[in-house]
Amino acid sequence: MVEDKIADMLTRIRNANQLKYDTVEVLGSKITEEISRVLKEEGFIADYTVNKASNGNTITLTLKYSEGKKQRVITGLRRISKSGLRVYAKNSELPRVRNGLGIAIVSTSEGIMTDRDARNKGLGGEVLATIW
């Protein structure tokens, strides 16, 4: 059983991206589904589908590349808040990833969103991961 589903999801994406796979399957949960939604809205992945099964849900992510798989859209990702060390930030302290070229995924009281959306709404929260 996986302890940290977000770290497992990011590791699977990182590994599949390095090998330039078309799709990658991650463990399904509400939080991984919301992170997938944010990644799709921000253009880091092409699409995602939720596969319901009796032994647990999975999410199939379709990775995105440019120019016939020559350039990766996701060049890096990092888990920020871990189970042993939670990282919280006010809206004024939210990180700017690569001077706006990347995003930070933040868990707020209104759901999971990007750092840009949280800053615009005046919300702070737990900084889950950064992607660029």
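Is Arg-37 buried, partly exposed or exposed? In this predicted model, Arg-37 is partly exposed, with a relative accessible area of 24%, where buried means under 20% relative accessible area, exposed means over 50% and partly exposed lies in between, computed with a 1.4 Å probe on protein chains only. Because the model is predicted, local features need pLDDT of at least 70 and side-chain atom pairs count only at pLDDT 80 or more, whereas totals for chains, interfaces and linings use all residues. Residues are numbered from 1 along each chain as its sequence is written, and side-chain values use heavy atoms, with hydrogens and water left out. Helices (H or I, at least four residues) and strands (E, at least two) are DSSP runs, numbered from the N terminus.

**Helix 2**

- Helix 2, residues 30-41, has 12 residues and reaches 17 Å from its first C-alpha to its last, close to the 16 Å expected at 1.5 Å a residue, the expected span being 1.5 Å times one less than the number of residues.
- Thr-32, Ile-35, Ser-36, Val-38 and Leu-39 are buried in helix 2.
- Seen down the axis of helix 2, these buried residues fall within an arc of 160°, so they line one face of the helix; the arc is that of the directions from the helix axis to the C-beta atoms.
- Lys-30 and Glu-41, on the other side of helix 2, are exposed.
- Just after helix 2, Gly-43 takes a positive phi of about 85°.
- Lys-40, also found in helix 2, counts as partly exposed at 37% relative accessibility.
- Leaving aside neighbours within four places in sequence, Lys-40 is in contact (heavy atoms within 4.5 Å) with Ile-45, Ala-46, Asp-47 and Tyr-48.
- Lys-40 and Lys-69 are 29 residues apart in sequence, and their C-alpha atoms are 18 Å apart in space.

**Salt bridges**

- Side chains of opposite charge can pair when their charged atoms come close.
- A salt bridge is taken as a side-chain nitrogen of Lys or Arg within 4 Å of a carboxyl oxygen of Asp or Glu, and by this rule the count comes to 9 salt bridges.
- Asp-8 forms a salt bridge with Arg-12, with the closest N and O atoms 3.0 Å apart, and both residues lie in helix 1 (residues 5-18), 4 residues apart, about one turn of the helix.
- Within that pair, Asp-8 is buried, with a relative accessible area of 18%, whereas Arg-12 is partly exposed, with a relative accessible area of 31%.
- Arg-37 forms a salt bridge with Glu-34, the closest N and O atoms being 2.8 Å apart; both residues lie in helix 2, 3 residues apart, about one turn of the helix, and Glu-34 counts as partly exposed at 30% relative accessibility.
- The side chains of Glu-42 and Arg-116 meet in a salt bridge at 3.4 Å, N to O.
- Glu-42 lies in the loop between helix 2 and strand 2 (45-51) and Arg-116 in helix 3 (residues 115-121), so the pair ties together parts that are 74 residues apart in sequence.

**Nonpolar cores**

- A nonpolar core is a set of buried Ala, Val, Leu, Ile, Met, Phe, Trp, Tyr and Cys residues joined through side-chain atoms within 4.5 Å.
- The largest nonpolar core has 24 residues, and those with the most contacts inside it are Ile-13, Ile-35, Leu-39, Leu-61, Ile-105 and Ile-131.
- Helix 1, strand 1 (23-27), helix 2, strand 3 (58-63), strand 8 (103-108) and strand 10 (125-131) each supply at least two residues of this core, and its largest share, 5 residues, comes from helix 1.
- Ile-13, leaving aside neighbours within four places in sequence, is in contact with Val-24, Leu-39, Leu-61, Leu-63, Ile-74 and Leu-77.
- A second, separate core of 10 residues includes Ala-89, Val-97, Met-113 and Ala-118.

**Strand 8 and its partners**

- Strand 8 is joined to strand 10 by 5 bridges, and the two run antiparallel; strands count as paired if DSSP finds at least two bridges between them.
- Strand 8 also runs antiparallel to strand 9 (residues 111-114), with 4 bridges joining them, and a hairpin connects strand 8 to strand 9 through 2 residues.
- Ile-105 stands opposite Ala-129 in strand 10 and opposite Thr-114 in strand 9.
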